[in-house]
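Me: Could you walk me through this model before I set anything up on it? I'd like to begin with the overall layout and then go into the details.

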Amino acid sequence: MVEAVRGDGVVVTGAGAGIGAALARRFAAAGARVVVNDLDAGKAEAVAAEIGGIAVPGDASAMVADARDALGGTVDVYCANAGVPAGGSEAAGEQVWASAWDVNVMAHVRAAQELLPGWLERGRGRFVSTVSAAGLLTMIGAAPYSVTKHGAYAFAEWLSLTYRHRGIKVHAICPQGVRTDMLAGTGSAGDLVLAPTAIEPEDVADALFEGIEEDRFLILPHPEVAGYYQARAAAPDRWLMNMNHIQQKWEQAAAGGDPARVAQDGEWEDPPRELRSRPQDSQ
Ligand SMILES: NC(=O)c1ccc[n+]([C@@H]2O[C@H](COP(=O)([O-])OP(=O)(O)OC[C@H]3O[C@@H](n4cnc5c(N)ncnc54)[C@H](O)[C@@H]3O)[C@@H](O)[C@H]2O)c1
C-alpha cells in the first residue's frame, strides 16, 4: 500500500485490459479515485465497475478534460499507458508510423500540455509513462514501435529533469514481455524474444508501486534490462552484433530453417546475453 496516492485522482489510459487494468486495480486498492479510460467503452466500463472507478471511454489523446471533470476538477496522477504495437520495418505504411507516433508519443505530450499548468501551480503532480524495454533497447521486427517508444522514454526523461524541482514526479515503466493481448499479437518475434521471460500485468503494477515508494524514475519489472541497457551504452557494436544474431535466429525460424544456423559476425555470445532468461545472467 502506498500512502502517497491515497485519495488521489488517478487517470489510466488503455485501462480496459492488460497492464492498464492492472495499474487501475492497484491504484484503486491503494485508496485512489480512478478514471478508467479505453477506446473500447465496454472494457473501460467493466474495469471501472469492478474497482469502483469512473469510466471515461475514448481516445487517450483527447480525454484529460473529461477525466478532470469526472474527478471533480483535479488529476493528481496521469498514467500514459495506452499504446499500439506497430510492428514492421522501415517499409511499414504511413498509417502505421502515424498511429505509432500519435498514440505512443503525442498522446503523452498532449496530456502533459493539459496537466502541467495546474500541476506547476500546485507544486504537485505525477506522470507515469508505460514505455517498454523497447524504449531503452529495441524490438526485433518492429521499427515504428521501437522508434516511438524511444520517443516516449525521451519525453518522460525530459519532463522529469525539467520539473522535478517543482514537485513533479515522473516514472518510466520499461518492461519486456507482459502476458497481455498485445504480447499475444506480436507473432514469432514476440515468441522468440519476449515470451520466454514474460511476466504478469500485476508484476508491472507491483514494480511501479515499489518505484513510487522509492521515488524512482526508471521502473524495470524485468531487472535484467538494467544490464542490457548498460551493455548497449558501454559497447554499442557488440550489442548490435548480439541483437543481429537474434534477428538472424528470427529470420531462420520464420523461414522454417534451423535458428541455430546463423551467420557469424565477429565473436558473438551464444546464447546472446539479450536472450538469457535469468537476472543473474546479465551481471
Ligand atoms: N504486453 C507487453 O509485452 C508490453 C511490454 C512493454 C510495454 N508494453 C506497453 O504497455 C502498454 C499497455 O499494453 P498491454 O500489453 O497492456 O496491451 P493490451 O492490448 O492488453 O491493452 C491495451 C489497451 O489499450 C487500449 N487502447 C489502444 N489504443 C488506445 C487509445 N488510443 N486510447 C485509449 N485506449 C487505447 C486497447 O483497447 C486495450 O484495451 C502499451 O503502451 C504497450 O506498448 C506492453
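Reply: Before any distance between domains is quoted, note that the domain bounds come from an automatic or database domain assignment. This is a predicted model, and its chain is divided into domain 1, residues 3-223, and domain 2, residues 234-282.

Me: How many Å separate the centres of domain 1 and domain 2?

Reply: The centres, taken over C-alpha atoms, are separated by 30 Å.

Me: And how many residues of each are in contact?

Reply: On the domain 1 side there are 10 residues, which are in contact with nine residues of domain 2. The domain 1 side of that contact divides into six nonpolar residues, four polar ones and no charged ones.

Me: OK, the core next. Which residues have the most contacts inside the largest nonpolar core?

Reply: Those are Val10, Leu23, Ala24, Val35, Val36, Tyr78 and Leu208, in a core of 83 residues. Helix α4, residues 94-122, supplies the largest share of this core with eight residues, and at least three residues are drawn from each of domain 1 and domain 2.

Me: Pick out Val36 for me: buried or exposed, and why?

Reply: Val36 counts as buried because 34 other C-beta atoms lie within 10 Å, where 20 or more are required. Val36 has its place in strand β2, residues 33-36, and, leaving aside residues up to four places away in sequence, it touches Val12, Ala15, Gly16, Ala24, Ala44, Val47, Ala48, Gly53, Ile54 and Ala55.

Me: And what does Leu23 touch?

Reply: With residues up to four places away in sequence again left out, Leu23 touches Val12, Ala15, Cys79, Asn81, Ala205 and Leu208.

Me: How many residues of α1 are buried?

Reply: Helix α1 is mostly covered, with 11 of its 12 residues buried; among them are Gly18, Leu23, Arg25, Arg26 and Phe27.

Me: What should its 12 residues span, and what separates the end C-alpha atoms?

Reply: At 1.5 Å a residue, α1 should span 16 Å, and its end C-alpha atoms are 17 Å apart, so the two values agree. Just after α1, Gly31 takes a positive phi of about 90 degrees.

Me: Switching to the ligand, which residues are closest?

Reply: The closest are Gly14, Gly18, Gly83, Thr180 and Met182, out of 29 residues that surround the ligand. The elements giving two or more residues to this shell are α1 (18-29) and α6 (181-184).

Me: How does that shell divide into nonpolar, polar and charged?

Reply: The shell around the ligand has 12 nonpolar, 12 polar and five charged residues.

Terms used. Residues are numbered from 1 along each chain as its sequence is written. This is a predicted model: local features need pLDDT of at least 70, side-chain atom pairs count only at pLDDT 80 or more; totals for chains, interfaces and linings use all residues. Two residues are in contact if their C-beta atoms, placed from the backbone, lie within 7 Å. Ala, Val, Leu, Ile, Met, Phe, Trp, Tyr, Cys and Pro count as nonpolar, Asp, Glu, Lys and Arg as charged, and the others, Gly among them, as polar. A nonpolar core is a set of buried Ala, Val, Leu, Ile, Met, Phe, Trp, Tyr and Cys residues joined through C-beta atoms within 7 Å. Helices (H or I, at least four residues) and strands (E, at least two) are DSSP runs, numbered from the N terminus. A residue is near a molecule or strand if its C-beta atom, placed from the backbone, lies within 6 Å of it. The expected span of a helix is 1.5 Å times one less than its number of residues.
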